[in-house]
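Please open the model in your viewer and keep the sequence panel beside it. The tour below moves from the whole chain to single residues, saying at each stop what to select and what is there.

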Amino acid sequence: MPLILTEEQTMLQDAADGFLNEHAPINHLRQLRDSRDPDGVSRDLWRAFGEMGFAGVVIPEEDGGSGLGAVEAGVIAESLGRTLTPSPFMGSSVLAATVLKAAGSDSQKAWLGRIAAGEAVLSLAVDEGPKHAPAKITTRAERAGNGFKLNGAKGFVLDGHIADALIIAAQTDDGLTLFLIDPQTPGVAVERTVMVDAHNAARVTLTDVMVDADAVLGAVGEGQGPLDTALILGRACAAASLVGAGDQAFRITLDYLKTRQQFGKLIGEFQALQHRAAHLFTELELAKAASLAALQAIDAGRPDAEQAAGIAKAKAGRVAELAVQEAVQMHGGVGMTDEFDVGLFMKRVRVLNELLGDAGFHAERLARAQGF
């Protein structure tokens, strides 16, 4: 399959870029950060996301969504990476929506329409330690009465502090099980954690949380499949966001090279900087190709989609990190100041690299899959 967007996907990209540049440019992030906004996101912007059809991009039309696919989700994720917009898109429209599609009952899938409309925020709670480790979940759900009692703690729960519902991955005697719970349930404690990039996550602590059996998503002990499906799409979309952030940092740097003068010359005329810019351009093109290939593999239902998403996440992470490092250095001393946007991109890339597994995590998984 050609590694280019279709005409319709290009139109979506233009629409997303135009919408975010108009309604949520980088100054939007600065305003939320500097005003210490208690939510850290704009509810009005999220509703507008729904009105534009962006929030329901992977949600089927019969459930109120746009009925598009992974490539389209990646297009929007890349646009969000370019503008650094704090948004529940990754947590709600990608991760939570994918789990609900795969495992939700009819009543549970009612959340999909609210997500698509930008009326609700759902968060998937998986990780428990400082690193992404979905194979090491220790949160327990013990049978109690006609339901379950949950105990454990989760970290890096995207937008968990404003979530209308939480999807919790927990171990039961039958295996990994997913639970859809109300964050107001007794025993659930949610603590907002403002990350270094001024985006939002939360710590969720579960202490003897009692839920009915109808809180289970899918069947007891069969949560691994839906969780893996969501994580694969999430990693590919995170790769797209990394590509967007890295590419935008590169564009800002190119503009600076063309306007900044030193020693009576534009610094872009110095051959050493030209070589570094050319190298970065080629690396970004490779990362874009890897990201799009992974998203296309997911849409095609190919068996290598998981590996493709891991490769894309690792490649995009390393390239985006190179892009922001070069951006800060080529800006000289001012690149380290908050006045210039390149530092914000560096922080965002740092967080995105950790989200759903860094390059080391995916390199190890790929090596093990290849028998090393």
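Begin with everything displayed: of the 372 residues of the protein, 54% count as buried, where buried means under 20% relative accessible area, exposed over 50%, and partly exposed in between, with a 1.4 Å probe and protein chains only. This is a predicted model, in which local features need pLDDT of at least 70 and side-chain atom pairs count only at pLDDT 80 or more, while totals for chains, interfaces and linings use all residues. Residues are numbered from 1 along each chain as its sequence is written, and side-chain values use heavy atoms, with hydrogens and water left out.

Colour next by secondary structure, which comes to eleven helices and ten strands; helices (H or I, at least four residues) and strands (E, at least two) are DSSP runs, numbered from the N terminus. The C-alpha trace spans about 80 × 50 × 35 Å along its principal axes. Taking contact to mean heavy atoms within 4.5 Å, residues 24 or more positions apart account for 74% of the contacts with a separation of 6 or more.

**The cores**

Select Phe49, Phe89, Leu100, Leu122 and Ile167, the residues with the most contacts inside the largest nonpolar core, which has 101 residues. Such a core is a set of buried Ala, Val, Leu, Ile, Met, Phe, Trp, Tyr and Cys residues joined through side-chain atoms within 4.5 Å. Helix 7 (residues 224-259) contributes the largest share of this core, 17 residues. Centre the view on Phe49 and, leaving aside residues up to four places away in sequence, its contacts include Phe19, Leu20, Ile76, Leu80 and Phe89. Then select Phe148, Val188, Leu206 and Val216, which are among the members of a second, separate core of 18 residues.

**Helix 2**

Move to helix 2 (residues 26-34), where His28 has its place. Is His28 buried or exposed? His28 has a relative accessible area of 12% and is therefore buried. Not counting residues up to four places away in sequence, His28 touches His23, Ser42, Leu45, Thr85 and Pro86; of these, Pro86 is 58 residues away in sequence and 8.6 Å away in space, C-alpha to C-alpha. In the helix, Ile26, His28, Leu29, Arg30 and Leu32 are buried, and what covers the buried residues of helix 2 includes helix 1 (7-23), helix 3 (43-51), helix 4 (70-83) and helix 10 (342-354). Follow the chain past helix 2 to Arg36, whose phi is positive, near 50°.

**Two aspartates with positive phi**

Most residues other than glycine have a negative phi. Select Asp159, whose phi is positive, near 55°, in the loop between strand 3 (147-158) and strand 4 (165-172); its relative accessibility is 5%, so Asp159 counts as buried. Asp208 also has a positive phi, of about 50°, but its place is in strand 7 (residues 200-212), and at 43% relative accessibility Asp208 counts as partly exposed.

**An exposed loop residue**

Finish at Ala135, in the loop between strand 1 (122-125) and strand 2 (140-144). Ala135 counts as exposed because its relative accessibility is 75%.
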